[in-house]
Amino acid sequence: MSRRSALLYVTIAALIWGTSWPITRHAMLFYDFFSLLFLRNIFAIISTSIMFLLLNRNQLKDQLKQAKNPYILLLGVVNVLAMTTQF
């Protein structure tokens, strides 16, 4: 990956994460906690899966092996806890 594309991806990620708090606050006016959490996770799973398959087709097998790493699983649990406490 080139330095320029890496910077672009980090910038996109920062914009998405930076807007999640105000959007969540506004969305809580219309959805209850569990509905919003479900919708956010479904959107994240679908969009991440599409990006993962499009950008990393050649490295898919290696990355799936790395997902079994206990540290990666621990980070996933921490991420779930962070998302549930965000609301």
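**Exercise 1.** How many aromatic pairs does the count come to?

*Solution.* Start with the source. This is a predicted model, where local features need pLDDT of at least 70, side-chain atom pairs count only at pLDDT 80 or more, and totals for chains, interfaces and linings use all residues. Residues are numbered from 1 along each chain as its sequence is written, and side-chain values use heavy atoms, without hydrogens and water.

Next, the rule. Rings of Phe, Tyr and Trp (its six-membered ring) pair if their centres lie within 6.5 Å; planes under 30 degrees apart are stacked, over 60 edge-to-face, the rest tilted. The count comes to one aromatic pair. Phe 33 and Phe 34 form it, edge-to-face, with 4.7 Å centre to centre and 75 degrees between the planes.

**Exercise 2.** Classify Phe 33 and Phe 34 as buried, partly exposed or exposed.

*Solution.* Buried means under 20% relative accessible area, exposed over 50%, partly exposed in between (1.4 Å probe, protein chains only). Phe 33 has 26%, so Phe 33 is partly exposed. Phe 34 has 61%, so Phe 34 is exposed.

**Exercise 3.** Find the element that gives the largest share of the lining of the largest pocket.

*Solution.* A pocket is an open set of points on a 1 Å grid over the protein atoms alone, where a 1.4 Å probe fits, with protein on both sides within 12 Å along at least five of seven lines; lining residues have an atom within 4 Å of a point. Helices are DSSP runs (H or I, at least four residues), numbered from the N terminus. Helix 2 gives the largest share, 13 residues.

Definitions and conventions:
Helices (H or I, at least four residues) and strands (E, at least two) are DSSP runs, numbered from the N terminus.
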